[in-house]
Amino acid sequence: MPNQQYRTQIHNNINEIPSIEWNALVEDNHPFLKHGFLDALEQHNCVSKRYGWVPHHIAIYDEQNTLVAALPLYEKHNNYGEFVFDQAWEKAWNSVGLPYYPKLVSATPYTPVLGQRFLVQNTGNTEQQNQLTNLLFNSMTDFCEQQNMSGAHVLFAKPNQQAWLSSQNNPNSYIRHDCQFHWHNQDYQTFDDFLAQLKPKKRKNIRQERKAIHATGITYRILDGHTATEKDWQDFDFFYQKTFIEKWSTPTLNLGFFQSIGKSLADNIVLVLADLNDECIAGALMFKSDTHLYGRHWGAAKDIKHLHFEVCFYQGIEYAIKHKLQIFEPGAGGEHKIARGFSPVPMQSTHWLPINPFGEALDQFIKQEQDGVENYIQDCITHTPYK
């Protein structure tokens, strides 16, 4: 359809876009890209000027006014909830009298997981899909310049989309590197099958951790949005708020948000709750796509040794095995994940900067960062728990 004419529109509220059309562009039943998730963030003020996340979603419509491509996009006034840290860049820009904020970010707020950023209708026509991807990227950069923003940043794009971004050789684009730890399902049938692949000492340590927790009498409930009650969400919200407050951080999510996604993403929810003596004492909120499990938030009313590992890691691994999910992404950071079966995975992000007074210095910064990440990954591999 080479002569197809498209219309581009910026939406400051995702509710302006029909949910059924938006969700039709989402691959793999990805929870964090669904209309219900992004809408809940907006409706419950989890993204707003207060937190420095202002929605400007890009939508592309065909001649029949049907949504054929979209880009989740936010105006940012800080780097909170991005997980790609650029405080040094902000300081450099300010040092020469240039404002670094506002900027544009394409990502899911507070969610460092891989996924689509360019939501494009799968027509089977590669040329048309590339045209729409280009149109989304150019619409983002045009909007960035029109609004006098310092740059546009695409974070945690899934590998094939990041590869496309890297292949464009755009002179204004910079590719940054990082690392996460993911668990990969090797067609395990049971948790013991997974343990059997570990070195004896690592296998023994995990069994000892699980045995110690089991001895406390703690039991677990694995719920979805259909089975989680109002009390369950109230308990989890308490754990979530407590965790952030204790870390002197900002709890941007709230009970209304959790209740909302419990309804709109009921089949994507994996809520792990731990009970002791008829009292809910801890919980972890995970999400699942058709192929992945995503660990996101955790909290506990009581500090019990090994409880975090059990609720956030081992229960998740068991769930992934039982439901034949391929990959478990437990969240950013954490070398302690290596000993528990998670492997280092290189990550990339793309940063488009229309005005850059630090070209050579930025090139050097990124090269040093890339070398550091590659060395870090190689060091992590030497500590692998696998045989």
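Contact here means heavy atoms within 4.5 Å. All views show a predicted model.

**Figure 1. The surroundings of Leu285.** Leu285 touches residues from several stretches of the chain, not counting those up to four places away in sequence. Among them are Trp233, Phe236, Phe258 and Ile261. Ile269, Val270 and Leu271 also touch Leu285. So do Tyr294, Gly295, Arg296 and His297.

**Figure 2. The largest nonpolar core.** In soluble globular proteins, nonpolar side chains tend to be buried together. The largest nonpolar core of this model holds 50 residues. Which of them touch the most other members? They are Trp22, Phe37, Phe257, Phe258, Ile261, Leu271 and Leu285. Several elements give two or more residues to this core, including helix H2 (35–43), helix H9 (255–264) and strand E12 (279–288). Helix H8 gives the most, with 5 residues. A second, separate core has 39 residues, including Val270, Cys312, Ala320 and Ile377.

Figure 3. Eleven strands form an open sheet with mixed pairing. Their order is E2-E5-E6-E8-E15-E9-E14-E13-E12-E11-E10. Which strands lie at the edges? Strand E2 (53–55) and strand E10 (219–223) do, and each pairs on one side only. Neighbouring strands are turned by 30° against each other on average, direction ignored.

Figure 4. How many disulfides does the model contain? The count is 0. A disulfide needs two cysteine sulfur atoms within 2.5 Å. The cysteine sulfur nearest to that of Cys179 belongs to Cys380 and is 5.5 Å away, and Cys179 is in no disulfide. Cys179 is buried, with a relative accessible area of 9%.

Figure 5. Side chains of opposite charge can pair when their charged atoms come close. The whole structure has 15 salt bridges. In one of them, the side chains of Arg176 and Glu369 meet at 2.6 Å, N to O. Arg176 lies in strand E9 and Glu369 in helix H11 (residues 359–382), so the pair ties together parts 193 residues apart in sequence. Both residues, Arg176 and Glu369, are buried.

Figure 6. Asp192 and Arg207 form a salt bridge, with their closest N and O atoms 3.8 Å apart. Asp192 is in helix H6 (residues 191–195) and Arg207 is in helix H7 (residues 200–214). The side chains of Arg210 and Glu310 meet at 2.7 Å, N to O. Arg210 and Glu310 are both buried.

**Figure 7. A salt-bridge network.** Lys76, Glu82, Asp86 and Lys103 form one network, joined by salt bridges that share partners.

Notes: Residues are numbered from 1 along each chain as its sequence is written. This is a predicted model: local features need pLDDT of at least 70, side-chain atom pairs count only at pLDDT 80 or more; totals for chains, interfaces and linings use all residues. Side-chain values use heavy atoms; hydrogens and water are left out. Two strands pair if DSSP finds at least two bridges between them. Helices (H or I, at least four residues) and strands (E, at least two) are DSSP runs, numbered from the N terminus. Axes are lines fitted to C-alpha atoms, for helices over the stretch in contact, and angles run from 0 to 180 degrees between N-to-C directions. A nonpolar core is a set of buried Ala, Val, Leu, Ile, Met, Phe, Trp, Tyr and Cys residues joined through side-chain atoms within 4.5 Å. Buried means under 20% relative accessible area, exposed over 50%, partly exposed in between (1.4 Å probe, protein chains only). A salt bridge is a side-chain nitrogen of Lys or Arg within 4 Å of a carboxyl oxygen of Asp or Glu.
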